[in-house]
Amino acid sequence: MYRGHENACHSWLSVLQQLKHHYIPMWVRKLYMVEDKAILITGCDKGFGFALAEHLHAKGFSVFAACLLKDKNGEGARMLEKKKCERLKVLQMNICSDEEVLQAEEFVRRHLRDPEKGLWGMVNNAGISTFGEVEFTSMAHYKEVADVNLWGTIRVTKAFLPLIRRAKGRVVNVTSMFGRIGISGQSAYCISNYGMEAFSDCLRYEQQRWGVSVSIIEPGNCIAATDILTRDRIENIAHRLWNETDEVVQEDYGKGYIDRQTMAMKSFCTSSSKDMSSVINAITDALTSKYPYTRYEPMDAYWWIRLHMMTYLPTPVADWLYRN
């Protein structure tokens, strides 16, 4: 269903995107030089974080690549360390740990060329995905997702913001299209991303006086490109959802219902984009443009139009169009 809509809407999307960019011409937006600038990226074990660390390093940035599994000899951290370059430093950081975040801040401060000039950019990329309808999602599961996606982002931002503020730099928060639209079976994920959007907006208002720019990246369905959800992880989540659900809910819905939801989630992952270049380019623009956008929407035509329909149409109309 999604692909048919995408083909019909692609040409309109191209026109709208061109108009958007014409509001601020490239010669006005112009790019900063990157050679003397340092960037912190969270979640560099794989996916967007890993690709972004390689991309920004290749462009000349000094990159601090924070990995969850560095201390456990994780593959992503090992591959980045193999570059053996002074401009690319890999550090351990679990964004849910106050201690590890503070240790990471001390590490970055020690290794900055000039700490008094601060840190140019921070990309809050680390996050997890999940699924499950409200009656199947335990409070523990809600808290687990929010602890990473929302509270982890806030924890890291608060720790590094003084360095960013000193540099009059950039905060880039990677959320999702589901930070602006709700969808059935995704309440835990949507809640955490809605929270990140609100946090980013408030932070942007507060930091304008300091010359700090705050941008939000809202990717579409890039699950296949990032491996944020695999078929095995979907099976594990489904097993957990069923086992943690009250007996009355199990009886009312039946095991077949959760099995169908699991298959739908696997299909959603299979139909996702395997190309993350639009997301990497959006983050790069947010870090290098003199006039970065507040929100970037790197997603395919179907989801871009659905996002704007559901955001701006009267709710009953949007609900009628996109029953899910």
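Mentor: Start with a term: a helix here is a DSSP run of H or I with at least four residues, numbered from the N terminus. The model is a predicted one. Thr 262 is found in helix α11, which covers residues 255-270.

Trainee: Why is Thr 262 called buried?

Mentor: Buried means under 20% relative accessible area. Thr 262 has 6%, so Thr 262 counts as buried.

Trainee: Which residues does Thr 262 touch, not counting those up to four places away in sequence?

Mentor: Phe 131, Ile 234, Glu 235 and Ala 238. Contact means heavy atoms within 4.5 Å. As for Arg 231, 31 residues apart from Thr 262 along the chain, the C-alpha atoms of the two are separated by 9.4 Å.

Trainee: What about Thr 157: buried or exposed?

Mentor: The cut-off for buried is under 20%. Thr 157 has a relative accessible area of 1%, and therefore is buried. Thr 157 lies in helix α6, residues 139-167. Leaving aside neighbours within four places in sequence, Thr 157 is in contact with Met 122, Asn 124, Phe 199 and Leu 203.

Trainee: Why does Asp 252 count as exposed?

Mentor: Exposed means over 50% relative accessible area. Asp 252 has 63%, so the label exposed applies. The place of Asp 252 is in helix α10, residues 247-253.

Trainee: Which residues gather with Asp 252 in a patch of negative charge on the surface?

Mentor: Glu 135, Asp 246, Glu 247 and Glu 251 gather there with Asp 252. Asp and Glu count as negative, and like charges in a patch are joined within 9 Å.

Notes: Residues are numbered from 1 along each chain as its sequence is written. This is a predicted model: local features need pLDDT of at least 70, side-chain atom pairs count only at pLDDT 80 or more; totals for chains, interfaces and linings use all residues. Side-chain values use heavy atoms; hydrogens and water are left out. Patches are made of residues with over 30% relative accessible area and no salt bridge: like charges are joined within 9 Å, nonpolar side chains (Val, Leu, Ile, Met, Phe, Trp, Tyr) within 5 Å. Accessible areas come from the Shrake-Rupley method with a 1.4 Å probe; for residues, only the protein chains shown count as cover. A salt bridge is a side-chain nitrogen of Lys or Arg within 4 Å of a carboxyl oxygen of Asp or Glu. The place of a charge is taken as NZ of Lys, CZ of Arg, CG of Asp or CD of Glu. Helices (H or I, at least four residues) and strands (E, at least two) are DSSP runs, numbered from the N terminus. Buried means under 20% relative accessible area, exposed over 50%, partly exposed in between (1.4 Å probe, protein chains only).
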